[in-house]
Structures are given as C-alpha cells and as structure tokens.
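Here are my notes from going through the model, written up point by point. Have it open on your screen while you read.

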Amino acid sequence: MENKEFFIECDGIKLHAKLDVPKEKQERYPCVIVVHGLTGHMEEIHIKEVAKACNEVGYATLRVELYGHGKSEGIFRNHTIFHWVLELMQIVGYVHQMQEVTDIYLAGHSQGGAAVMLAAAIKEPYIKGILLLSPGMMLKDVAIHGGFPQTEYDPENLGEEVLLFGEYPLAADYFRVCRMLPFDEAVQGFRKNVLIIHADTDELVPYCYAVKLQKKYNKGELVTIPEDDHCYTKHLAMVVEAVKAFLEKRN
C-alpha cells in the first residue's frame, strides 16, 4: 500500500491528511474521504479501522483532520461545523482533480458525519455515496433546547464559551451555528447511496436519530450495532464488515 502524508491548504488553513492506496489499485481507484468527529483525529482506532476496511476492498482513503483538530491548523475553541463543511467542499474538489481517482465517497464519524451530510448535498455531482458513522444528528436539537451530553450550559444564555465535556473550551458561536444546520435540506439534496452505522446504546447520539434519518434518505441503509458505544469499542468488527459490504456492492 502506498502511504502519503501531507497538508492540504483550505482558505489559508493547512489541513493534515494521509492518503493510503492499495497496491493493486495504483493506476486508477475509487477514493473514500474519511473524517473524524468532535474532539477526534485521524489516528483513533475506529477511524483507522474504517479506512483499512476501505483499502481492503480496493478503495483508496484520504483521512483528513479538519479545522482545529489533530495536526491541522486552526484553534479548536473557534471551530464550527460550517468551517468543516467548507473544508470538505474544498477537499472534494482537491480529490476530484486527482487523475487517478475514479469515484469519490465521503465517510464521517459523529460531527464528521453531520458535516459529510451537508457537504455531500452541496457537492452531490462529485459524490457517489456517503457513509455516516454515528452521525451527530442531535447537534441542532441540543443547541436549541439544551442537553448536550456531559456538558453544562444554558442554551438561552451561552456567554462567551462553553466547557465541552468538562475539559474543552468551545466558543458560544459553535452552538449558534448548530441551531442553523439544514439537515432536512441536506437529505433532500442527496439522492445517492447512504450507509448509516449506529449503535443502539450510543451514549452520545441517541439511536432514534439514525432510525429517523434512514427513513428520510431515498437510498438509505441502516446497520445497527447492538449494545455498543459511540466509538464501537465492543463490536468494531461489525462496523468494518458493514463498510466492506456497502463498498463491495459498488466497486
């Protein structure tokens, strides 16, 4: 497998990226852009295993760390999902210019899944399918009504910042942006294949959001991971198999 580590510049911000290409697909190959979730990075076990699964069925992967995360530039406190969506749009454009890439897929975990939904709807002509791993569909609701997991805040009086999960300072604008997320419009704007993978005992994003989302997508498939958490620490192998099955149908 060819491994390449580099930075992609998006509006003056350098984003850390790793490209992995299976040896048997060095000339022409489909590519899956894989992004992490809130507070996450590209070296998390579930991100690496999903990328590896894509490689094993003949897909290249481009793992990218978005604004304020991992080794990418930007300050975590100041990031919003809109930052991520704009970056994903430019990353799709970057991959689209790669002569060796045949098709583009997007995969995102948690908040990364929410950003993938929005970016995919905007860039739909360039995207063949999306994989949503525990997508953060509750973000709009908790920004409006409160109840963000493991976080104390008053949605009506946010102040200057919120201490996320008791340890990550996050500017109040993050929540103000989340209130405006056009999830319904994103679903309506994407008519291609969608895989949703979600644990039925997810402690951060309730499983009911995945069920509702699958029903809204015209070509949505939901794979339920039983009795697992947000990052699939118990049954990651089931996630890997679901990713492989989805991609093998389209290779």
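1. Ground rules. This is a predicted model, so local features need pLDDT of at least 70 and side-chain atom pairs count only at pLDDT 80 or more, while totals for chains, interfaces and linings use all residues. Residues are numbered from 1 along each chain as its sequence is written, and side-chain values use heavy atoms, with hydrogens and water left out.

2. Start with the open sheet: 8 strands in the order 1-2-4-3-5-6-9-10, with mixed pairing. Its edges are strand 1 (2–10) and strand 10 (220–225), each of which pairs on one side only. On average, neighbouring strands are turned by 20 degrees against each other, ignoring direction. For the terms: helices (H or I, at least four residues) and strands (E, at least two) are DSSP runs numbered from the N terminus, and two strands pair if DSSP finds at least two bridges between them. Axes are lines fitted to C-alpha atoms, for helices over the stretch in contact, and angles run from 0 to 180 degrees between N-to-C directions.

3. One pairing to look at. Strand 2 (residues 13–21) and strand 4 (residues 60–64) run antiparallel and are joined by 4 bridges. Here Asp-20 stands opposite Thr-61 in strand 4.

4. Helices on the sheet. Helix 7 (residues 207–216) packs on the sheet, touching strand 6 (129–133), strand 9 (193–199) and strand 10; contact means heavy atoms within 4.5 Å. The direction of helix 7 makes about 155 degrees with that of strand 10. Helix 8 (residues 236–248) also packs on the sheet, and the strands it touches include strand 3 (29–35) and strand 5 (101–109). The direction of helix 8 makes about 170 degrees with that of strand 9.

5. Aromatic pairs. How many aromatic pairs does a search of the whole structure find? The count is 7, where rings of Phe, Tyr and Trp (its six-membered ring) pair if their centres lie within 6.5 Å, and planes under 30 degrees apart count as stacked, over 60 as edge-to-face and the rest as tilted. Tyr-59 and Tyr-105 are edge-to-face because their planes are at 75 degrees, with the ring centres 5.6 Å apart. Tyr-59 lies in the loop between helix 1 (45–56) and strand 4 and Tyr-105 in strand 5, so this pair ties together parts 46 residues apart in sequence. Tyr-59 counts as buried at 1% relative accessibility, and Tyr-105 is buried at 0%; buried means under 20% relative accessible area, exposed over 50%, partly exposed in between (1.4 Å probe, protein chains only).

6. An aromatic cluster. Tyr-153 and Phe-175 form a tilted pair, 4.9 Å centre to centre with 35 degrees between the planes. Both are buried. They belong to one aromatic cluster together with Phe-148, Phe-165 and Tyr-174.

7. Charges over rings. The charged end of Arg-250 sits over the ring of Phe-246, 4.2 Å from its centre, and that of Lys-4 sits over the ring of Phe-6 at 5.1 Å. The rule asks for NZ of Lys or CZ of Arg within 6 Å of the ring centre and within 35 degrees of the ring normal.

8. Positive phi. Most residues other than glycine have a negative phi. Phe-165, in the loop between strand 7 and strand 8 (168–171), has a positive phi of about 55 degrees. Tyr-232, in the loop between strand 10 and helix 8, has phi near 60 degrees. Phe-165 is partly exposed at 22%, whereas Tyr-232 is buried at 2%.

9. Salt bridges. There are 10 of them, each being a side-chain nitrogen of Lys or Arg within 4 Å of a carboxyl oxygen of Asp or Glu. Arg-77 and Glu-161 meet at 2.7 Å, N to O, linking the loop between strand 4 and helix 2 (81–96) to strand 7, 84 residues apart. Glu-124 and Arg-191 also meet at 2.7 Å. Glu-124 is buried at 8%, but Arg-191 is exposed at 52%. Finally, Lys-18, Asp-20, Glu-43, Lys-48 and Arg-63 are linked in a network of salt bridges.
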